[in-house]
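Visitor: I have a model open and would like to go through it with you. Can we start with the overall picture and then pick out some local details?

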Amino acid sequence: MRFGTKLVGAGSAIAAGLGVALSVGIPALGTAFRPGAPALVGIHKIRHIIVIMQENRSFDSYFGTFPGASGIPTGVCVPDPVNGHCVKPFVDHADSNHGGPHDNAASTVDVAGGKMNGFVAEAEKRCSGPPCPTDVMGHHVRSDIPNYWAYARHFVLDDHMFESDHSWSLPTHMTMVSAWAATCSDPANPMSCVGTDSPQNRNVRRPQPFAWTDLTWLLHKHHVSWGYYLDHGAQGSLNPRGVPSIWNVLPGFTDVTQDGQQANVQPLANFIQQARTGTLPAVSWIVPAPGDSEHPAALVSRGQAYVTRIINAVMRSSQWRSSAIFLTWDDWGGFYDNVRPPTVDAQGYGIRVPAMVISPYARRGFIDHQVLSYDAYLKFIEDDFLGGARLNPATDGRPDSRPNVRENLLGPSTLLRDFNFLQSPRLPLLLNPCPPTTLVPTPPPGCGGRVALHFAGWGDS
């Protein structure tokens with residue numbers, strides 16, 4: 001098996017190698033291909049894009065020992081100032097982890113000017129005294145998370161995916177749908193927004209404070225169907241186990257209401273039903289409830305089971321043959337990673353996270369070493385469904401004050417390299433949501449266990 005094969009160039013060069021066409025006549029978006037319609041080619045064979053975002057894992061914490069990936073180097077020992085020595089990376093089979101601080105300030109300390117050695121010191125700031133044990137240098141192995149490794153081995157592993165901003169969950173989930181995180185002084189004025197790694201969240205008094213433009217504006221404008229799916233619905237006083245607002249950001253964008261698209265934010269149960277009936281929209285985002293999120297201290301086994309069930313639903317669907325699943329995690333969660341993030345602007349990139357591309361057209365066993373961020377997901381959606389239109393204040397019809405066009409900062413990097421549209425569609429890889437693992441304690445049947453989460457304890461999520 002050949003890992004990390006490089007493809008050079010972009011545009012026509014990539015198109016020639018992968019059978020890609022960026023502009024063809026296509027049927028109504030989000031619908032099944034109709035007999036007698038022109039054959040779809042290249043990227044347009046993908047009619048359904050599903051973005052699944054989990055929580056709080058660095059690349060090395062899940063794939064640091066994956067063969068061929070840019071994983072944990074030998075000889076690493078990160079300073080431990082409280083105990084006066086250093087900590088080497090170690091295998092951690094614990095099903096429930098602690099992680100560490102993961103806001104903007106923590107990212108700066110962890111990266112340490114590129115030395116990538118501040119993780120233990122930052123985690124110890126939350127400790128009341130020695131010995132201050134932490135698990136931020138721990139990492140899981142194949143036998144702990146066999147399904148995730150199976151997806152990576154059979155499809156594509158992106159081993160240089162960096163979170164779009166160097167901060168925590170709220171700005172990251174903003175960037176996932178809009179390529180920016182900001183705070184706006186006037187919710188009615190997109191030009192009042194100022195980029196920040198610490199944006200203000202929506203609340204009862206400010207239910208729609210996010211005035212800048214998100215991708216659903218362009219999707220609606222181009223008549224592209226979309227859905228934003230909440231595991232167990234939205235969190236509230238009557239539904240405490242639903243998705244918290246820091247992960248459920250789309251209802252806070254003013255353009256969603258302006259377009260009358262609020263109903264597109266819906267429970268995950270609707271996605272499962274739509275997969276079953278072959279009625280998935282063109283674009284889906286899926287965000288977890290805390291118990292399924294893998295956010296410490298949530299169980300790794302339960303998160304893997306949740307993700308597997310979603311992927312199985314797509315693979316069992318009549319729309320699998322036209323789907324691409326992008327699976328990633330929102331930030332590093334305080335866990336060690338060895339690769340210095342590149343700097344593209346004041347907000348990013350942040351620390352490296354796991355990411356996979358799962359599709360009948362995904363290359364088999366390919367490790368993509370390109371520098372990527374969540375902006376690549378937006379770029380792929382735009383190239384597939386919007387004719388290459390971008391979230392660009394100069395062209396999108398809804399100007400805001402963002403300082404750049406994030407998708408364009410990726411340069412030639414594109415997820416097109418992860419596909420071979422000339423190959424016959426690959427068969428589904430249906431997996432047991434709760435496989436045997438080396439996690440401890442042994443996960444309960446069905447992997448549905450619960451632990452107390454410590455959002456408030458960390459002061460961030």
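Predicted model: local features only at pLDDT ≥ 70, side-chain atom pairs only at ≥ 80, totals over all residues.

Visitor: How many helices and strands does the protein chain have?
Guide: The protein chain has 13 helices and 16 strands.

Visitor: What share of the residues is buried?
Guide: Buried residues account for 61% of the 461 in the chain.

Visitor: And the surface, how much of that belongs to carbon and sulfur?
Guide: Carbon and sulfur atoms hold 58% of an accessible surface of about 16500 Å².

Visitor: What about charges?
Guide: There are 34 positive and 37 negative side chains in the protein chain. The centres of the two sets lie 8 Å apart.

Visitor: What share of contacts joins residues at least 24 apart?
Guide: That share is 81%, counted among contacts between residues at least 6 apart in sequence.

Visitor: Let's go to α5. Is it mostly covered or mostly open?
Guide: Helix α5, residues 146-154, is mostly covered, with seven of its nine residues buried. Those buried residues are Pro146, Asn147, Tyr148, Trp149, Ala150, Tyr151 and Ala152.

Visitor: What covers the buried residues of α5?
Guide: The cover includes the strands β1 (48-54), β6 (156-158), β13 (323-329) and β14 (355-358). It also includes the helices α2 (59-63) and α10 (300-316).

Visitor: Change of topic. Where does Asn264 lie?
Guide: Asn264 is in the loop between α8 (254-258) and β11 (265-267).

Visitor: Why does Asn264 count as buried?
Guide: Its relative accessibility is 18%, so Asn264 counts as buried; the cut-off is under 20%.

Visitor: Which residues does Asn264 touch?
Guide: Not counting residues up to four places away in sequence, Asn264 touches Trp226, Gly227 and Tyr228. A polar atom of the Asn264 side chain lies 3.2 Å from the backbone oxygen of Trp226.

Visitor: And Pro393, where is that found?
Guide: Pro393 is in the loop between α11 (375-385) and α12 (406-409). Leaving aside neighbours within four places in sequence, Pro393 is in contact with Pro399, Asp400 and Arg402.

Visitor: How far apart are Pro393 and Ala275?
Guide: In sequence they are 118 residues apart, and in space 35 Å, C-alpha to C-alpha.

Visitor: Now the backbone. What is omega for the peptide bond from Gly348 to Tyr349?
Guide: Omega there is near 10°, and the bond is cis. Tyr349 sits in the loop between β13 and β14.

Visitor: And from Val440 to Pro441, cis or trans?
Guide: That peptide bond is cis, with omega near -10°. Pro441 is in the loop between α12 and α13 (455-458).

Visitor: What is phi of Ala112?
Guide: Phi of Ala112 is near 50°, a positive value in a residue other than glycine. Most residues other than glycine have a negative phi, and most peptide bonds are trans. Ala112 is in the loop between α3 (104-111) and α4 (119-124).

Visitor: What about phi of Cys132?
Guide: For Cys132, phi is near 50°, a positive value too. Cys132 lies in the loop between α4 and β5 (138-139).

Visitor: Is Cys132 buried or exposed?
Guide: Cys132 has a relative accessible area of 5%, so it is buried.

Notes
Residues numbered from 1 in each chain as written. Heavy atoms only, no water. Helix = DSSP H or I, 4+ residues; strand = E, 2+ residues; numbered from the N terminus. Buried < 20%, exposed > 50% of the residue type's maximum accessible area, 1.4 Å probe, protein only. Contact = heavy atoms within 4.5 Å. Areas by Shrake-Rupley, 256 points an atom, 1.4 Å probe, with all protein chains shown as cover. Lys, Arg positive; Asp, Glu negative; His and termini not counted. Charge placed at Lys NZ, Arg CZ, Asp CG, Glu CD. Polar contact = N/O pair within 3.5 Å; in protein donor to acceptor, adjacent residues only side chain to side chain.
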